[in-house]
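Hello,

Here is the structure I said I would pass on. Please open it first and then read the notes below.

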Amino acid sequence: MARTRSLSTRLRYCNPAYYLKRPKRLALLFIAFVCATLIVWDRQSLVREHEEELSKLNEELNHLKTLLEDLPNGRASEKEVVPDDPIDVQRREKVKEAMIHAWSSYEKYAWGQDELQPQTKNGVNSFGGLGATLVDSLDTLYIMGLHEQFQRAREWVATSLDFDKDYEASVFETTIRVVGGLLSAYDLSEDKLFLDKAREIADRLLPAWDTPSGIPYNIINLAHGRAHNPSWTGGESILADSGTEQVEFIALSQRTGDPKYQQKAENVIVQLNKTFPDDGLLPIYIDPDKGTAGYATITFGAMGDSFYEYLLKVWIQGNKTSAVKPYRDMWEKSMIGLSSLIRRTTPSSFAYICEKNGNTLTNKMDELACFAPGMLALGSSGYGPDESKKFLSLAEELAWTCYNFYQSTPTKLAGENYFFHAGQDLSVGTSWNILRPETIESLFYLWRLTGNKTYQEWGWNIFQAFEKNSRIDSGYVGLKDVNTGVKDNMMQSFFLAETLKYLYLLFSPTSVISLDDWVFNTEAHPLKIVTRHDGKSSGVTSDRPKIRLRGRKEGRP
């Protein structure tokens, strides 16, 4: 009975008549209803506003992602259209005219041969008759818009380029000039002829990697496939010659779908990384049987230089993904080592890179090592803000030194190497100039990456010195002595492949061969950047979180 009464009492609150007889309680009920409605409405409004805010944030995030794709590592995109400076246009045309003069002389006096001897107006086959100047020049012709010349060169490649030569070829030189030149021509023109030819010569080079360690021999007979090292190295392989095929062979595997080229080249880095020192500095001689470094000179000049360059450039070539991060890690170690070799002159405080033998430093720097300022500038953006600023500043200091290699001689052209003595700043050692590109290469990178037009002015001064001292009616020649201006009799193929190309790009809009899309091999052949996610294809590892990773030419005086 009590339970029934209690239920009736509760139910009366649901009866409207109950509230009509009690106005105060009706008012309270109404107020409660209004408050509840306001609370629910307000929450719904907050949810809608929150959803709208999230939508806006997502739109902004997507926009930022798009911007980041165009601005890798926070660097201003080179794809922006910037009005062409009239002075740049004039200078670019002057460089183009120099290329036409050099190429026309080669066509007239040395067509199909490796290099032109301008003074005697004849060709010489210094690379076994592979048409080195022609192949080296393909991309320069294409970039400069010299399409008629490019087509004539293409026809020669199609009908006359023959690799079946009983010739002891440098694996390094053939890779950077011929494989690199053909791949670049393919990437620019999309003409499969060039890719097929690149694959053909690479197949003839591959037996050089058939050693106990996978460190390649540096010389191979193109006809018979017999590989060996030069007698003067004591049977050792040269660091730069063995560690400067990765960019080309990775590109070849990417474009053909055949992994064997990449695997051979990357295994070299796998072996070297097993005993890679904390300072990242390796001697110039490597044992091809054991895969270990011996006791020899450490240098960023001849026989060492481009090994370090390619550690950075494979990382860039792979679009800086985790698959190629171990290359970056090795390169950063090497930059610690490079920093330990920096000294400065008195009284002018020119920064330079010493060479090292054991614990002894030699105050000598090759002009070849003048690629280093460009490399440092190119790699600086991968560091945090403080380290980035430090290495970019070092790049600028070294570029100033290299520019003074040129300015310090009567001809305003640099010698082959320089020595540094207390109180005397710098003095030229080996005094020939063979039309080398390294300083101009660094000026190109520094201008592209900083926008500082000073580097264009320095480049223009060097170009004018070449025009004054090296240009003759039948081409361009080097100098036997930069002090006297006595001329030699050789137009090096890299003058057309590198020196003139970098000068042309120094005065071109940044969208022309944008560094966002292209990476240059050590012979200045641009190859397209291809994002790598192939972490299981190789065994290069880092001593940071364990990640599976998927010499520059010596010239002749």
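The crossing of helices α4 and α18 is left-handed. Please keep in mind that this is a predicted model. My notes cover two helix pairs.

Two packed helices are described by the angle between their axes and the distance between the axes.

First pair: α4 and α18

Helix α4 covers residues 86–110 and helix α18 covers residues 493–506. Their axes lie 8 Å apart, at an angle of about 160 degrees. Angles over 145 degrees count as roughly antiparallel, so α4 is roughly antiparallel to α18. On the α4 side, the contact is made by Arg92, Val95, Lys96, Ala98, Met99, Ala102 and Trp103. On the α18 side, Leu496, Leu500, Leu503 and Tyr504 take part. What classes do the residues of this contact of α4 with α18 divide into? Nine are nonpolar, two are charged and none is polar.

Helix α15 (residues 385–407) packs with helix α17 (residues 454–469) at an angle of about 20 degrees, and the axes are 11 Å apart. Angles under 35 degrees count as roughly parallel, so α15 is roughly parallel to α17. The crossing of α15 and α17 is left-handed. Helix α15 brings Glu396, Ala399, Trp400, Tyr403, Tyr406 and Gln407 to the contact, while α17 brings Tyr455, Trp458, Asn461 and Ile462. By class, the contact of α15 with α17 has seven nonpolar residues, two polar and one charged.

Regards

Key. Residues numbered from 1 in each chain as written. Predicted model: local features only at pLDDT ≥ 70, side-chain atom pairs only at ≥ 80, totals over all residues. Heavy atoms only, no water. Axes fitted to C-alpha atoms, helices over the stretch in contact; angles between N-to-C directions. Helix = DSSP H or I, 4+ residues; strand = E, 2+ residues; numbered from the N terminus. Parallel < 35°, antiparallel > 145°, perpendicular 65-115°, else oblique. Left-handed = near helix turned anticlockwise from the far one by under 90°. Contact = heavy atoms within 4.5 Å. Nonpolar A, V, L, I, M, F, W, Y, C, P; charged D, E, K, R; others polar.
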